[in-house]
Amino acid sequence: MKLVSEAKPPRANFRPAYDFSQFSQLANVPWNKTSFVDFDGQDEEDDDDDDDDDDDSDDDDDSDGEESDNGGGIVGDFMQNPLSDSKCEAQVILLLSFCPEKTLQELEQASLRVPSEKICLFDDRSSDGIHSETRTCLERLNVKELQSKLLKERFISDHPSTITKNISDAGNNQLPNAERKISGDRRLIFITDLNRWVVMTLITTASKFEADALRGSLYRHLSFQTYIGSIGFPFFHFAFDLPFFVWRTTVPGKKPHDVRKTEDKQSLREVIDLSFLKRQESAPNASVGNDSVQVDYLCPAHISVVISIIDNRRWTAYAFVDTYYRNNNKDGVNAYYSDARHGPIKPDPLTKGSRDADKPLLDPKQYSFAVMDARMKQVTGEWECVVTKLQEKIELYINKCPSRTEPFSDTIFKRCLSCIGNTRSLLVTLTEILKAMVKEWNSFDPSEFLPTKDIVLNRMHSSIRYSFKELGKCMEKLESLKNKCDNYAKNIQLYMSGASHHTAQQMHVLSAVMLYIVYPTTLAAALLSMQSDAIPRWFGPTKLSFPILATVLISLVFVSIKVFNKWELIRIFLLKQYGAVSKSHWSHLLPVAQGHRPHNEDIELGSNENQASGIRIEV
């Protein structure tokens, strides 16, 4: 399949990329249509080429089908970078696991599986850089309605003078509503809890200038990744992806869950149960209240924002926000829609309601930083809450250390070590995510956004920088908590080691008592209990026979053990007595018998005659 039709090569004298007239046709062309527009804004394709394309359409369709089978269909084609000949297989697999090809059929056939709930706020305005007119203001849409909106022609005119005239005429009420042609120059799309049908809708309706930005943003949102950056040719794209966690406490059975599933039936966001941080054996003076029947959860969430800029008047902003964890969803579509209808202002959902949608920021760079500032404050607040809650739970758990408040129990200590291991793994995961966020910010170059005289942008940049500084503090607290967990685990292991040593000593004493006293005494009693014919008459059972026999047996056991322990010394002494060991080697053998190893590995014993007879001791 040809991605680009045959056309004349681009001219060398490029004009600035922010001249909309160069790319107006691409902005209205879907990404999967073969079209090429040169940098002078003139369509260089000939009619003969179009006829050839029509004649070969059947062959192209066949080849498309083959590529779809091998490369993941329309999802695989969308994820292929036009500047590269290969797809990133990992990205295609991830996207297909969440949004399989059957999703497109369900949309085309209006399947009942396609949800009808409102999941999007859509805002379209014309703009000349200074003034704007509403085309659609915070319209609430479901998946099918969003698809219909995105398929409509967006840019009515390519000439800025016409747009400006329409805006001024509309302001003077010189044109009736039916005759107005308003372009969607400034488009905002706010989507909550991105599902597979919305993903397929965005893939099938994205224009050429939006496809590059959406490709990366969709992948990072689904894979829970961090990113802050921009690319500037031929269109300027700014994007940021912010992962975070939300602390939720509910009664048992009310666990937050994400209804979005992948192909293997796994939730897109797996909620973490923190019940392991609650001690099952509560202290005697612990208060019993509502907290004892509540369960804490850690809900992963993600915010992705991408802004594709054609020029300073025409641009598109997408926002994908997770809200599944909220009971009272103030950051949801219905909440913003209700506030827009009944409230004093119409809140801009991308800026989390911090700006009035009827008083829009028309400059795309200012709006980019306004959105990032508002969302960074939200993310920073959630991270601070999570870190504070974790600190309280972990310190409370450590202060109730069993070694201080409870007698030794192997089961209790194993449970504590398991809990501290789970906690440490969680802290490592959170720390790595925060490190990635701070690293992305430190590597981000805001020079494209910060003209020296733009006071608004510089203030927003300072606010964003402060938010990341607070995230750095959260990261330091998590590192400190991880060290506390390590020290706590070491203390438990030391306590268990000491308790095991104490138990071993007790067992040693008990074994000695059994060996030296119980066994000889029992044996003496058994011997004296035998039939009278089996016992010598001179040793007949008398008052003194039992203590004498028990004493003799105890002495025999004691002597036997001493001989066994000193056998090495006895053996060497006997060898010396019978001349097997020369006097010159006696000083070397004595430390060996006492358990000390000499420096030399082999000691030859005896004279030459003894060596000839084969007598040799190896240490």
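Modeller: Let's take the core, then the cysteines, then a helix pair. This is a predicted model, where local features need pLDDT of at least 70, side-chain atom pairs count only at pLDDT 80 or more, and totals for chains, interfaces and linings use all residues. Residues are numbered from 1 along each chain as its sequence is written, and side-chain values use heavy atoms, leaving out hydrogens and water.

Biologist: Which residues touch the most other members of the largest nonpolar core?

Modeller: Tyr 367, Met 372, Trp 383, Leu 390 and Leu 430, out of 75 residues. A nonpolar core here is a set of buried Ala, Val, Leu, Ile, Met, Phe, Trp, Tyr and Cys residues joined through side-chain atoms within 4.5 Å. Buried means under 20% relative accessible area, exposed over 50%, partly exposed in between (1.4 Å probe, protein chains only).

Biologist: What is Leu 430 in contact with, beyond its neighbours within four places in sequence?

Modeller: Phe 245, Leu 298, Trp 383, Val 386, Leu 390 and Leu 478. Contact means heavy atoms within 4.5 Å. Another core lies apart, with 39 residues, including Phe 98 and Val 306.

Biologist: Switching topic. How many disulfides does the structure hold?

Modeller: Zero, with a disulfide being a pair of cysteine sulfur atoms within 2.5 Å.

Biologist: Is Cys 99 buried or exposed?

Modeller: Buried, at 0% relative accessible area. Cys 385 is partly exposed, at 30%.

Biologist: And at what angle do α7 and α9 pack?

Modeller: About 10°, with their axes 10 Å apart. That makes them roughly parallel, a label for angles under 35 degrees. Their contact has seven nonpolar, four polar and no charged residues.

How values were computed:
Axes fitted to C-alpha atoms, helices over the stretch in contact; angles between N-to-C directions. Helix = DSSP H or I, 4+ residues; strand = E, 2+ residues; numbered from the N terminus. Parallel < 35°, antiparallel > 145°, perpendicular 65-115°, else oblique. Nonpolar A, V, L, I, M, F, W, Y, C, P; charged D, E, K, R; others polar.
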